Every structure is written in C-alpha cells, then in structure tokens.
Amino acid sequence: MKSISKIMGVMMLLVSLVYTAQIKNAKTEMVKIYVNNSQCKATIEKVGNLKNVAMVSWNEETKMATLTYDSSKTNQQEILKRIANAGFDSDSFYAPDDVYAKLPSSCQYKRNKKMPEAMAGHDHSSMQTPMPKEHDHSSMNKEKKQDESPLKTIQDNYFSVKDALVKSDSKAVSFASKELMNSIAVLKMGDLSQSEHEVWMKVMNVLGADAKTISQTQDIKKQREAFKSLSKNMYELLKTSKHSTPIYYQYCPMQDANWLSTESSIKNPYYGAQMLTCGNTVETLK
C-alpha cells in the first residue's frame, strides 16, 4: 500500500509540474486554507485552478495551499476569493455562512469556537471569541463607518458610470468603469460590516465582471445592457449599508430596469437625452 501511495504521489507531482510549466510569468505563494481534512481537497483545487493561469495544490498535513499563477493575469486575492465563495476560509477571505454550512461536515472546522489567529483585527463577528476591550475593533469599525463607508469609493465610481451614461458619453462610461473595477479589486473586506460582507461575497464577482464588460466597449447600447445587472447587484450591496445622504433606487418601465442615484429627480441612464425624465423612484436607501 505504501508503494502504491508513493507512486500516486509521484504521479500527482509530475502532473503538477506539467501544469505549472504551462503557466507563464509564474509566481508561487503558500497560504493557509481552513478545512478539516482531505475530503474537500479536490473542490478547493478545482475552484482555485484556471487553465494555464492558476494552479492550486492543498496539503492536508500542513493545511497550506500552494498557489502558482500567471502574475500578469491574476493574483492571490482573486484565487482566494474563488475558494472562499466555495465555502473555504483563508486569512484574507471569509466564506459566506450559508455556503460554509453546506460543506460536508468532515470539511468543517468549528469556526465558531476559535477564530484563526491571522484573522484577528477583521470584523468577522460570527467567528470571533470575546476579545479584551482594548483589542475589540468593532467599535473602531463603527466609528470609521460613521465617517466614511468602506464601500464609498465603489459607490462613487458607480455613480460616475451612471452619470456618463446619462450624458451618453461612451468613452467616459468606459473610463469610469475601469475605475470601478479598480476599486472593487482593492476593497478591504475586513472593513465591511457582517451584513455587507455576506452580500459582498455573493456579488463581488459579478460586479467586477459587469464593470469589465462595460469598460471594454464603447458601444453605448452594450454598456447600458450590462449596466442593468451592475445596478441590480449594487442595489443588493448598498441596501445593507447606512448612508449619510439618501440614495434613490429608480426604475425605467421602458427597459424594465433599475439604477441608483444620489438625486431624487429622474435622469435616466438607459436613454439619456432621448427620454431623460422617464422613470420613477421606487425606494430610498438611508
């Protein structure tokens, strides 16, 4: 049996080397993935892998994953986001509770009893054991949130995309969408509240994909079509937050689509000057 195991190990190593060799600009890093045993190893590696772009190999003994990726096309954070969305925590990303709950029980690691040391300082309240008052960052997060939401930059860039669509300025739309993509990529998840974090884990990929789609074209019709999905998911995200000034969720019956605005008056991004005031406000976020 030991011989068979060794042979299998060598074969896996050879396969790994072949795949790694196909990744250009290869960068390799070691990160911890919180899972109890090897039953979910295949899932972790499957969701982390991207053909010729990224390869993940998780070690049951060390609980460490080796990430090898093309640094010109992706990064550690993007790989760990995919793994977290499949239910597995890392030091950078906390899997949504509902996804984690669906993992096989043998893969779960009793996250509610002890917070991984490396996560200390982040707002993962459902995982945290009580901390000394001087180290309790929850009050600090609340004070910070009152001053400025961690989602503010994303929010502002979304409104720049919307304003450019209102003006039917496709170049400005494309530029603003690139800024939105950048702000999505650098968001510090530890600054989010628990409710924001849970929604963020569900929408971040599609937000990034929609922003990318809009940024890559200067066809105003295609930009407006992608803006529908972008607006829907921005609404799901922003309704979890408190806002110092109202945000208006508005509706265009001609397109059966919504958008968000800081203005109560209607300025329709789906038609611009053609039907600028078509629509109505259906909800106000405060």
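Glutamate 236 has a relative accessible area of 27% and is partly exposed, a term for values between buried (under 20%) and exposed (over 50%), taken with a 1.4 Å probe on protein chains only. The model is predicted, so local features need pLDDT of at least 70 and side-chain atom pairs count only at pLDDT 80 or more, while totals for chains, interfaces and linings use all residues. Residues are numbered from 1 along each chain as its sequence is written, and side-chain values use heavy atoms, with hydrogens and water left out.

**Salt bridges**

- The whole structure holds nine salt bridges, each a side-chain nitrogen of Lys or Arg within 4 Å of a carboxyl oxygen of Asp or Glu.
- Glutamate 236 is paired with lysine 239 in one of them, at 3.4 Å from N to O; lysine 239 is partly exposed at 41% relative accessibility.
- Lysine 41 and glutamate 45 form a salt bridge with their closest N and O atoms 2.7 Å apart.
- These two residues lie four apart in helix α2 (residues 41–48), and so about one helical turn separates lysine 41 from glutamate 45. Helices here are DSSP runs of H or I with at least four residues, numbered from the N terminus.
- Glutamate 45 is buried at 13% relative accessibility, whereas lysine 41 is partly exposed at 24%.
- Lysine 152 and aspartate 156 form a salt bridge with a closest N and O separation of 2.6 Å.
- Both belong to helix α6, where they are four residues apart, about one helical turn.
- Aspartate 156 is partly exposed at 31% relative accessibility, as is lysine 152 at 34%.

**Packing of α6 and α9**

- Helix α6 (residues 152–166) packs with helix α9 (residues 220–238) at an angle of about 150°, with the axes 11 Å apart. Axes are lines fitted to C-alpha atoms over the stretch in contact, and angles run from 0 to 180 degrees between N-to-C directions.
- Residues of α6 in this contact include Ile154, Tyr158, Val161 and Leu165, and those of α9 include Ile220, Phe227, Leu230 and Met234; contact means heavy atoms within 4.5 Å.
- By class, the residues of the α6 and α9 contact are nine nonpolar, three polar and two charged.

**Nonpolar core**

- The largest nonpolar core contains 63 residues, and Ile33, Trp200, Phe227 and Leu260 have the most contacts inside it. Such a core is a set of buried Ala, Val, Leu, Ile, Met, Phe, Trp, Tyr and Cys residues joined through side-chain atoms within 4.5 Å.
- Apart from neighbours within four places in sequence, isoleucine 33 contacts residues including Ile44, Trp58, Leu80, Ile83 and Phe88, as well as Lys63 and Asp89.

Terms used: Ala, Val, Leu, Ile, Met, Phe, Trp, Tyr, Cys and Pro count as nonpolar, Asp, Glu, Lys and Arg as charged, and the others, Gly among them, as polar.
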